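Reader: I would like to learn how to read a structural model one feature at a time. Could you take me through the general idea behind each feature and then show me the case at hand?

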Amino acid sequence: MMRNIFNIYKTNKKPFNKSHLLFLALAFCPIWLQGVDPKNLIFNTDNTQALVLPITAQAIVNDKAIQLEVSTTILTHKTGLSHRKQIPKNRGMLYQVDLLNPLIFSGKGMQFPTDLIFIKDGIVIDTLSGVIPCDLDKCPTYATLQQYDAAIEVNRGTIEQLQIQHGAKVNLTFAKIR
């Protein structure tokens, strides 16, 4: 008679025992040794590498399109557009944020100046032109006092060029992922 080894309820063994704990510890030990930061559960990086994400969204503002990389993780929020020599015209990064946990931006690691567009419910609620690159240990920080649910970081001068003002409508569309 053949037993089904996957049906633990028909065996005399407990469903979970000390040998399972040992297996889990051995399985996750290499991950821990490779630099998982337990404070926020992301891999430690030297933060000198540019992260280039695929274009997966588009913002239409004043009938002009901005192609967007979408930052969705703590690591991409922290790295953003830093460590890149430049980005093409009418390109940028979209940061979607929780209203209660807004992002604070900095020019640390940046090699070109940027503009920030703060959005809530598809409307521009604030803009900030000229976030400057910084290579110091402590760099100036940039934020808005307004509550926002998204921010777009673009090349410096984009706000002026596209005539983006407070109250402008932003139509965000996202690529369908198969």
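Reader: In which strand does alanine 65 lie?

Author: This is a predicted model, and what follows should be read with that in mind. Alanine 65 belongs to strand 4, which covers residues 64-71.

Reader: How should I class alanine 65 by its relative accessible area, as buried, partly exposed or exposed?

Author: The class follows from two cut-offs, since buried means under 20% and exposed means over 50%, with partly exposed in between. Alanine 65 has a relative accessible area of 29%, and therefore it counts as partly exposed.

Reader: Where is asparagine 101 found, and why is asparagine 101 placed in its exposure class?

Author: Asparagine 101 sits in the loop between strand 5 (91-96) and strand 6. It is classed as exposed because its relative accessible area is 51%. Along the chain asparagine 101 and aspartate 149 are 48 residues apart, while their C-alpha atoms are separated by 9.4 Å.

Reader: How many salt bridges does the structure hold, and which side chains meet there?

Author: As a general idea, side chains of opposite charge can pair when their charged atoms come close. The structure holds 1 salt bridge, in which the side chains of arginine 84 and glutamate 69 meet at 2.6 Å, N to O. This pair links distant parts of the chain, with arginine 84 in the loop between helix 2 and strand 5 and glutamate 69 in strand 4, 15 residues apart. Both arginine 84 and glutamate 69 are buried.

Reader: What is the nearest side chain of opposite charge to glutamate 153, and how far away is that side chain?

Author: Glutamate 153, in strand 10 (residues 150-155), is buried yet has no salt bridge, and the nearest side chain of opposite charge is that of arginine 84, 8.5 Å away. The side chain of glutamate 153 does make polar contacts, including one of 2.7 Å with the side chain of tyrosine 95 and one of 3.2 Å with the side chain of threonine 114.

Reader: What should I look for in the backbone angles, and what is the phi of asparagine 90?

Author: One thing to look for is a positive phi in a residue other than glycine, and asparagine 90 is such a case, with phi near 60°. Asparagine 90 lies in the loop between helix 2 and strand 5, and its relative accessibility of 24% is why it counts as partly exposed. Glutamine 163 is not a glycine either, and its phi is positive at about 55°. The place of glutamine 163 is in the loop between helix 3 (158-161) and strand 11 (170-174), and it counts as exposed because its relative accessibility is 60%.

Reader: Finally, how much space lies in the largest pocket, and which residues are the closest to its centre?

Author: The largest pocket holds about 410 Å³ of space. It is lined by 19 residues, of which Lys78, Thr79, Ser82, Ser106 and Lys108 are the closest to the centre. Helix 2 (74-79) and strand 6 (105-106) are the elements that give two or more residues to this lining, and the largest share, 3 residues, comes from helix 2.

Key
Residues are numbered from 1 along each chain as its sequence is written. This is a predicted model: local features need pLDDT of at least 70, side-chain atom pairs count only at pLDDT 80 or more; totals for chains, interfaces and linings use all residues. Side-chain values use heavy atoms; hydrogens and water are left out. On a 1 Å grid over the protein atoms alone, a cavity is a set of points where a 1.4 Å probe fits but cannot get out, and a pocket is an open set with protein on both sides within 12 Å along at least five of seven lines; lining residues have an atom within 4 Å of a point. Grid points are joined across faces, edges and corners, and a volume is the space filled by probe spheres set on the points. Helices (H or I, at least four residues) and strands (E, at least two) are DSSP runs, numbered from the N terminus. Buried means under 20% relative accessible area, exposed over 50%, partly exposed in between (1.4 Å probe, protein chains only). Lys and Arg count as positive and Asp and Glu as negative; His and the chain ends are not counted. A salt bridge is a side-chain nitrogen of Lys or Arg within 4 Å of a carboxyl oxygen of Asp or Glu. A polar contact is a pair of N or O atoms within 3.5 Å; within protein, one must be able to donate a hydrogen and the other to accept it, and residues adjacent in sequence count only if both atoms are side-chain atoms.
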